[in-house]
Amino acid sequence: MSISEKDVLRVAHLARIRVSSDELGDYQEGLSGILSLVEQMHDCDTDGVEPMAHPQDIQLRLREDQVTEPDQRDAMQESAPQVDEGLYLVPRVIE
Amino acid sequence: MLHEHSLTALRDMLRRREISSTELTRHCLDRIAQHKNLNAFVTVDESGAMSAAAAADEQLARGEADLLTGVPIAHKDIFCTRGILTTCGSKMLENFVSPYDATVVERFHQAGSVTVGKTNMDEFAMGSSNETSFFGSVRNPWDPNRVPGGSSGGSAAAVAACLVAGATGTDTGGSIRQPAAFCGLTGLKPSYGRVSRYGMIAFASSLDQGGPITRNAEDAALMLQCMAGFDPRDSTSINAPTPDMTTLLGTEVRGLRLGLPKEFFDTSVDGEVLEKVRESLAVLERLGATLVDVSLPNSAAGIPCYYVIAPAEASSNLSRFDGVRFGHRSEHAEELVDLYENSRAEGFGEEVKRRILIGTYALSAGYYDAYYLKAQKIRRVIAQDFETAFEQCDVIVGPTSPTTAFPLGAKTQDPVAMYLNDIFTNTVNLAGLPGLSVPCGFDTAGLPVGLQLIGKFMDEASLLSTAHQLQQETDWHQRMPEGC
């Protein structure tokens, strides 16, 4: 199974990872190798089997809708690359 | 020498005040400095460790010992630690200091242990050789030209070289058990939900689980005792009491049924590895265990299934690294989309990017059913295989890894060859079961071989007691690498 250059670029954009033209061949080869491995899944008969999203089919707990954590905005934003007055700064967005 | 003692022995010596934590911690820090060539640590927290040791000594002087008061340990650099770096082996988090402690870190802190530093690891825990770390490869103390295994390679190298008596690790597809096997150690991946994942940087959330890497099963039981237990901050944490692991160690193996899956004993496994595994099983048989042939017929589908599920979950988890809230931010960005794409391209290494891309592909429109849904169905088939096998046995046994430690660089150019290392370990994560690797001999090159024990859900006790009983009869776990 091989993946086209176009597919690598499509997936790279979906994943928001810049792939330069000189890296494209390597990714194409690497991803094709992994997809060939993954294709072996189709040797396994799963007719009528329910998908298992979580080991042991564990259900996630719900909790009361109450505030349990204190406001730590300043502490959390200490690790942010750029903030101003409690807001995260990003380059301008052009659509 | 002080560093040759087990974690449990050191804990007891501290309690009896035969040694001080200050003396022991100093000794560990000196050894870490002497063994810098192993590259086992990303961060060494000398001042934090020495002040924690002084506090522990005061506590011990008052006769108020907690579970691990004064014992130096190390944490894999995937566990968030307030005040010191948490890099996850990545350039993305090269300068990241977490505002909070992981629950596991907090529990060790409450138990009185001294954190000497953070151990090296494959970037975002993606790797089986510790060669994907942004901070460089870790070397195997048994042969510095070989890998220590991964992704918890720094923790394994640190314990094998007796820099610390115990370290934490995490295991998504074998990342505790395989490095434990490669370094001659005891490594336990607990049942999914046994140990809190709060503050443990997520790779694949339905597979990740933290656990101990130590020199023997008694120490692993002690560390698990400290780590395990319900945590309301982790929505997947299981609210079940933790049995007293250390007292259960004495359970005899007489009458225990050990299942040997024929798929784990085939020709794909190195002959010497199989020989050592069979020899250790003969020891357990002599102690009264019975060996039963079982089958895990779909285990071959485990690797392809895992390499859809783990990357798919990773692609989602790692979307949080966007250059905005924390982590690496590109200096080359005119627009927001450039900021995302360039920050991620610069901050992530090649293997991480490959896995994010594969995961994104598997989840993308038009491919979801063929890949992700198919993998989730196989996951159930694999879990059912284990259930069926456990009707005939109490513990499943086999090799941890098909080979012993391989040379540095041997598999870096071939991702698929690297993935095949996890062939006996990753089905255990898919099913959420506990798994343990215990040393069972050495090959002719002098490299350690690991025996894997797989248990029923939440039955870590049988794994630890079986390993402990084996360690009463063998001395593989007491061997130390030359020059350490």
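This is a predicted model: local features need pLDDT of at least 70, side-chain atom pairs count only at pLDDT 80 or more; totals for chains, interfaces and linings use all residues.
Local features are used at pLDDT of at least 70 and side-chain atom pairs at pLDDT 80 or more, while totals for chains, interfaces and linings use all residues. Residues are numbered from 1 along each chain, chains are lettered from A in the order in which they are written, and side-chain values use heavy atoms without hydrogens or water.

**Exercise 1. Describe how helices H7 and H16 of chain B pack.**

Two packed helices are described by the angle between their axes and the distance between the axes. Helices are DSSP runs of H or I with at least four residues, strands are runs of E with at least two, and both are numbered from the N terminus.

Step 1. The axes of H7 (residues 217-227) and H16 (residues 460-473) of chain B come within 8 Å and cross at roughly 155°. Axes are lines fitted to C-alpha atoms, for helices over the stretch in contact, with angles from 0 to 180 degrees between N-to-C directions.

Step 2. Angles under 35 degrees count as roughly parallel, over 145 as roughly antiparallel, 65 to 115 as roughly perpendicular and the rest as oblique. H7(B) and H16(B) are therefore roughly antiparallel.

Step 3. Contact means heavy atoms within 4.5 Å. H7(B) contributes B:Ala217, B:Glu218, B:Ala220, B:Ala221 and B:Leu224, and H16(B) contributes B:Glu460, B:Leu464, B:Ala467, B:His468 and B:Gln471.

Step 4. These residues divide into six nonpolar, two polar and two charged. Here Ala, Val, Leu, Ile, Met, Phe, Trp, Tyr, Cys and Pro are nonpolar, Asp, Glu, Lys and Arg charged, and the others, Gly among them, polar.

**Exercise 2. Is B:Pro212 buried or exposed, and which residues does B:Pro212 touch?**

Step 1. B:Pro212 is in strand E6 (residues 209-214) of chain B.

Step 2. Its relative accessibility is 0%, so B:Pro212 counts as buried. Buried means under 20% relative accessible area, exposed over 50%, and partly exposed in between (1.4 Å probe, protein chains only).

Step 3. Leaving out residues up to four places away in sequence, B:Pro212 touches B:Ala167, B:Ile176, B:Thr186, B:Gly187, B:Leu188, B:Ala220, B:Met223, B:Leu224 and B:Met227. Among them, B:Ala220 and B:Leu224 also take part in the contact of H7(B) with H16(B).

**Exercise 3. Place B:Leu256 in chain B.**

Step 1. B:Leu256 lies in the loop between helix H8 (245-248) and strand E7 (257-261).

Step 2. With 14% relative accessibility, B:Leu256 counts as buried.

Step 3. Beyond four places in sequence, B:Leu256 touches B:Gly288, B:Ala289, B:Thr290, B:Asp394, B:Val395 and B:Thr466.

**Exercise 4. Find the backbone features of the loops.**

Most residues other than glycine have a negative phi, and most peptide bonds are trans.

Step 1. B:Gly150 and B:Ser151 are joined by a cis peptide bond with omega of about 10°. B:Ser151 is in the loop between E3 and H5 of chain B.

Step 2. A:Arg16 has a positive phi of about 55°. This residue lies between helix H1 (5-14) and helix H2 (21-39) of chain A.

Step 3. B:Met458 has a positive phi near 70°, in the loop between strand E11 (448-455) and H16.

**Exercise 5. What area is buried between chain B and chain A?**

Step 1. Buried area is the accessible area (1.4 Å probe) that two parts lose on being put together, summed over both. Between chain B and chain A it is about 5,500 Å², with 66% from carbon and sulfur atoms.

Step 2. In chain B, B:Glu341, B:Leu357 and B:Arg380 lose the most area to chain A, together 13% of what that side buries.
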